[in-house]
Protein chains: 2
Amino acid sequence: MDSLKKRIMQEGTNLGGGILKVDSFINHQVDPVLMDDCGAEFARLFAGVNPTRVLTAEISGIAPALMTARHMQLPVVYARKNKPITMPDQVYLTVAPSHTKGSMVELIVSPEYLGHGERVLIIDDFLASGSTIMGLARLAQAAGAELVGVGALIEKSFEGGREALRHLNVPIHSLVCISSMENGQITFCA
Amino acid sequence: MDSLKKRIMQEGTNLGGGILKVDSFINHQVDPVLMDDCGAEFARLFAGVNPTRVLTAEISGIAPALMTARHMQLPVVYARKNKPITMPDQVYLTVAPSHTKGSMVELIVSPEYLGHGERVLIIDDFLASGSTIMGLARLAQAAGAELVGVGALIEKSFEGGREALRHLNVPIHSLVCISSMENGQITFCA
């Protein structure tokens, strides 16, 4: 998606170690108009798989998932990383390695909002190693829901997430793909 | 706002201890259409104060703040509760007691996205004791920005937040006001 790619070129920073800083429009400050455009694009890309629910992980998945859900007129559920006191004791819980924290994080969804027969579209900010998205897919599976698609704003193809998710056998779309961040550069996929 | 009040009446649960569970449309699962309507209403209510930026706190403030920012065509910044590795070492940081966690949480904003001369509109999900919103107001003040308004989806007037924020001398709007949660009831303000 050209508008997102342009923003990455203008404002994205390669911090080294495969870390792309996009805090000025996605991860700390958010551009709601750009995010809404991304949501519209995901809605277009996934219109054919007929999801009934959008699933994401807090925190930075919320903005793109919410905008996608708005365009598809679907509820969005964000997996929590800490169980709030409002959640029942019986939950779906998995653990996934955090790319930016270097430790494991829990992903928790209440059975109240993810159930058998749902068609789940996962939307997140990054597709890197695919571990967070795999965690969300496990939650959907645990709930007896069917995964129907995976979307990410930015794919870092050099981290192999797409291959790791291939066995899920669902369409995977990223809006912008980065093939390399070697030597301080940001190289987009051809 | 009638649509939000109706949802609280239909799906809100009084868990006791002043805790209102609205996990089916705000805090875990989000209704993006309702949230967008709330954003439009905040945009209408605060059009006169000419904000240049919306400020909120992760996690559950993100959805209403993002939708408000969308309608006002402004950037939104969400204060982080943990400093991500993408953030510089010099930050604005304050601590606020967490209503639902029973402990103190940090609220952190990068100076990159909150600066002198900004006109800041704070949007959050709840106005209860006002402590999170006071924390956000302190961050805005530390940054040399001017606070111009405070909006919350749901005000629990019996927790006194509006009085606690009065000295800020800015317009405070909530879309739904709850005056009591005694005896398992949810009583709306007259």
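Okay, let's start with a term: a disulfide is a pair of cysteine sulfur atoms within 2.5 Å. Before I use it, a word on what we're looking at. This is a predicted model, where local features need pLDDT of at least 70 and side-chain atom pairs count only at pLDDT 80 or more, while totals for chains, interfaces and linings use all residues. Residues are numbered from 1 along each chain as its sequence is written, chains are lettered from A and ligands numbered from 1 in the order in which they are written, and side-chain values use heavy atoms, with hydrogens and water left out.

So, how many disulfides do we get over all chains? The count is 2. In chain A, Cys177 pairs with Cys189, and the sulfur atoms of A:Cys177 and A:Cys189 sit 1.9 Å apart. The torsion about that S-S bond is about -50°, so the A:Cys177 and A:Cys189 disulfide is left-handed. A:Cys177 lies in strand 10 (residues 172-180) of chain A and A:Cys189 in the segment after strand 11 (187-188) of chain A, so the pair ties together parts 12 residues apart in sequence. Strands here are DSSP runs of E, at least two residues, numbered from the N terminus.

Over in chain B, B:Cys177 is joined to B:Cys189, S to S 1.9 Å. Here too the torsion is about -50°, so the B:Cys177 and B:Cys189 disulfide is left-handed.

Now, is A:Cys38 buried or exposed? A:Cys38 is buried, at 0% relative accessible area; buried means under 20%, exposed over 50%, partly exposed in between, with a 1.4 Å probe and protein chains only. B:Cys38 is in no disulfide, and the nearest cysteine sulfur, that of B:Cys177, is 15 Å away.

Methods: Helix = DSSP H or I, 4+ residues; strand = E, 2+ residues; numbered from the N terminus.
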